[in-house]
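Subject: Structure handover

Hello,

Here is the structure for your files. My notes on it follow below.

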Amino acid sequence: MKKMKKISWLFLLSLLLIGCTHKSSVTQDSSVVAGYSGASEQMGGDPTTLPAKPPVRIMPVPQTRVMPDATAFRMSGNYSQNVAVTLDADGNLIYFPDPADLTADSEPIELGEGWWLNRQGLGQHSVFTKYTFAEYAALPEAPAASQLKKMIIPGARVTQFVELPYKISEVEDHLEEVKSYLKDL
């Protein structure tokens, strides 16, 4: 009887371990599992043997790399050389760049008709500061939020914002198509 209890506990433990597999990465052959589910009846026949563990096929989990879409914006004036920050609806600073992150590749690219290619991470609620890219990049560290808010140019803001039909990584290879796309808006 003691041996039977030990086998029953082992059987329950093996079922628990099978049930703890990550469902998105492990699949089982349903015909094998169906045969395995009837194993409790086998227990009555020979208490010294456990049914074989069903084979498990490991399926690779596909890795997805999400690259955001490129965006373009219009602004209330020509602030293309000014560093932008983003505010929330209450006027709190929610985004500002680190000076070390700004390079010539951060400056927007003119697309015509007032549109600019966003290369700084601007959003619909971005506003522009008095800092030029060169001045800001030369700072040893990002200014305090209160200082950045004092540097916001009154009325200098993003007025239109559009998602482009290209990913950030590919948009610069398709500038002519982007310009044509924006003319139709």
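Which residues line the largest cavity? They are F73, M75, Y79, S80, N82, S106, P108, R119, Q120, L122, F128 and F133. Before the rest, the conventions. This is a predicted model, in which local features need pLDDT of at least 70 and side-chain atom pairs count only at pLDDT 80 or more, while totals for chains, interfaces and linings use all residues. Residues are numbered from 1 along each chain as its sequence is written, and side-chain values use heavy atoms, with hydrogens and water left out.

Overall content

The protein has 6 helices and 9 strands; these are DSSP runs numbered from the N terminus, helices being H or I of at least four residues and strands E of at least two. Buried residues make up 31% of the 185 residues. Buried here means under 20% relative accessible area, exposed means over 50%, and partly exposed is in between, with a 1.4 Å probe and protein chains only. Among contacts between residues at least 6 apart in sequence, 73% join residues at least 24 apart, a contact being heavy atoms within 4.5 Å.

Cavity and pocket

Rolling a probe the size of a water molecule over the atoms shows where empty space is left. The search uses a 1 Å grid over the protein atoms alone: a cavity is a set of points where a 1.4 Å probe fits but cannot get out, a pocket is an open set with protein on both sides within 12 Å along at least five of seven lines, and lining residues have an atom within 4 Å of a point. Grid points are joined across faces, edges and corners, and a volume is the space filled by probe spheres set on the points. Over the whole structure there is 1 cavity of 30 Å³ or more, and the largest cavity holds about 50 Å³ of space. The largest pocket holds about 190 Å³. Of the 13 residues that line this pocket, the closest to its centre are N118, R119, Q120, G121 and I168. Strand β3 gives the most to the pocket lining, with 3 residues.

N82, one of the cavity-lining residues, is in β4. N82 counts as buried because its relative accessibility is 13%. The side chain of N82 reaches the backbone oxygen of T129 at 2.9 Å. Not counting residues up to four places away in sequence, N82 touches Q120, F128, T129, K130, Y131, T132, F133 and I153.

The hairpin of β4 and β5 has 5 residues between the strands, and G91 takes a positive phi near 85° there. G91 counts as partly exposed because its relative accessibility is 22%. The C-alpha atoms of G91 and K149 are separated by 9.1 Å, although the two residues are 58 apart along the chain.

Nonpolar cores

A nonpolar core is a set of buried Ala, Val, Leu, Ile, Met, Phe, Trp, Tyr and Cys residues joined through side-chain atoms within 4.5 Å. The largest has 12 residues, among them V83, V85, L87, V127 and Y131. The elements that give two or more residues to this core are β4, β8 and α4 (133-137), with the largest share, 3 residues, coming from β4. A second, separate core of 11 residues includes A72, L111, L164 and Y166.

Strand β3 and T71

β3 (residues 69-75) contains T71. An antiparallel arrangement with 6 bridges joins β3 to β9 (residues 152-167); in β9, V162 is the bridge partner of A72. Is T71 buried or exposed? T71 is buried, because its relative accessible area is 12%. The side chains of T71 and N118 are joined by a polar contact of 2.9 Å. A polar contact is a pair of N or O atoms within 3.5 Å; within protein, one must be able to donate a hydrogen and the other to accept it, and residues adjacent in sequence count only if both atoms are side-chain atoms.

Regards

Methods. Pairing = 2+ DSSP bridges.
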